[in-house]
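The sequence and structure are shown first, and the description follows.

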Amino acid sequence: MSETAGSETAGAPTPVPVRTIISPSRYVQGPGAITRLGEFLAPIGSSPLIVADDIVWGFVGHDVESSLKAAGLPVRKEKFNGIPTAVEIDRLVDVIKETGADVVVAVGGGSTIDAVKASGFLAGIRWVTVPSVASTDAPTSALAVVYTEEGAFEEYRFFPRNPDLVLVDSQLVANAPAAFLAAGVGDALATWLEARATSRSNSNTMAGGLPTLAGTALAQLSWDVLWENALPALDAVRDHLVTPSVEKVIEANTLLSGLGFESGGLAAAHAIHNGLTAAPQAHGLAHGQKVNIGSLTQLILEGAPTSDIRDFIEFTTRVGLPTTLTEIGLSVDDTDVLQLVAREATVPGETIHAMPFEVGAADVVSALKSLERLSRRVRDEAGLAAPELYHAKH
Ligand SMILES: [Zn+2]
């Protein structure tokens, strides 16, 4: 992904470099929005298949059913089994074909959403996402991350289009534990750091071309909105309240970060996240928690100003995100595991090669090991305790 669109491939004609941005056809957000799902779904398909796990369905099943019925749509629901593996995706494709559905609707977290996007594409029908939490920027994108049964990163799958509809019920998001929103802030803060690196190196983005000004600007807006609103939004969500700050953070985590990462570009932070999925010690952590370690590691690799690094550690500690190896179940003595993580983060094709300079596995190991003392000292100087880490796996 570090290759610019103009780079030579043996035997193939050199493609003309282009700038591009992609997005869902419609994004809808507001408290109670799920009661209007049927209305927004009806123009897309007449035979929807809803995919949700039992916990999420317990919260929203009633509203989804009455909304679809009011729009004259049949209600068919399939249970999602927990991890977006190749096997689970193929199983959902079979269900889609058996039911004759013409649109598949993911209601749930990032894992449900990734599995549904991949199965909708393989079955040749349209797909819609209804995130129940704002813990990742998966809902808007035209790609899915496929994992092994053990939860390790396996591959990115790219699709020719984004969801036809992304519908977010802000009250539903505010009803979930605040740890989900905090994890989403971790995922979304990375967006600007990675888009900035991609812009500096003039690399291709996940959208299949060079970044547009629009993609890069949305990534930066996501960062600005979060620094201004993340802490008051988390206060409100702890009491399950929807305030203007909560609405802004949901939009930043979902829409701005979703468009920003996909069309602004990924770099080191997500590559290091992908590497961390190879460490069994980190499996209990949410995507955004591991991404936060990736963001901090990227800042260190960049030689970012010390004040920027300090601010990032302080702010993300206040958000409740991990900044030390200890908080992700590792230590500086786990050299073998850290070398494995670094090897996976730097394999050919990983987005770390979109950084504006070469990054090798040894650089990643050193940067990761340096987190421990650095973050502890910064927190001590700021009088901050280690964050309380909640289980927020989606
Ligand atoms: Zn992410």
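## Polar and charged interactions

In this predicted model, zero salt bridges are counted between domain 1 and domain 2. The interface of the two domains does, however, hold 15 residue pairs in polar contact, with both residues of a pair at pLDDT 80 or more.

## Elements on the domain 1 side

Four elements, β1 (27–30), β6 (143–147), β7 (153–158) and α5 (170–175), each supply at least two residues of the side of domain 1 that touches domain 2. The most is given by α5, with four residues.

Sorted by class, this side of domain 1 comprises 19 nonpolar, 13 polar and three charged residues.

## Domain division

## Extent of the interface

The size of an interface is often given as the accessible area lost when the parts come together. Between domain 1 and domain 2 the buried area is about 3100 Å², and carbon and sulfur atoms give 60% of this area. On the domain 1 side, T20, D137 and A174 supply 21% of the area buried against domain 2, more than any other three residues.

In terms of residues, 35 from domain 1 are in contact with 41 from domain 2.

Methods. Residues numbered from 1 in each chain as written. Predicted model: local features only at pLDDT ≥ 70, side-chain atom pairs only at ≥ 80, totals over all residues. Heavy atoms only, no water. Contact = heavy atoms within 4.5 Å. Buried area = accessible area lost by both parts, 1.4 Å probe. Salt bridge = Lys/Arg side-chain N within 4 Å of Asp/Glu carboxyl O. Polar contact = N/O pair within 3.5 Å; in protein donor to acceptor, adjacent residues only side chain to side chain. Nonpolar A, V, L, I, M, F, W, Y, C, P; charged D, E, K, R; others polar.
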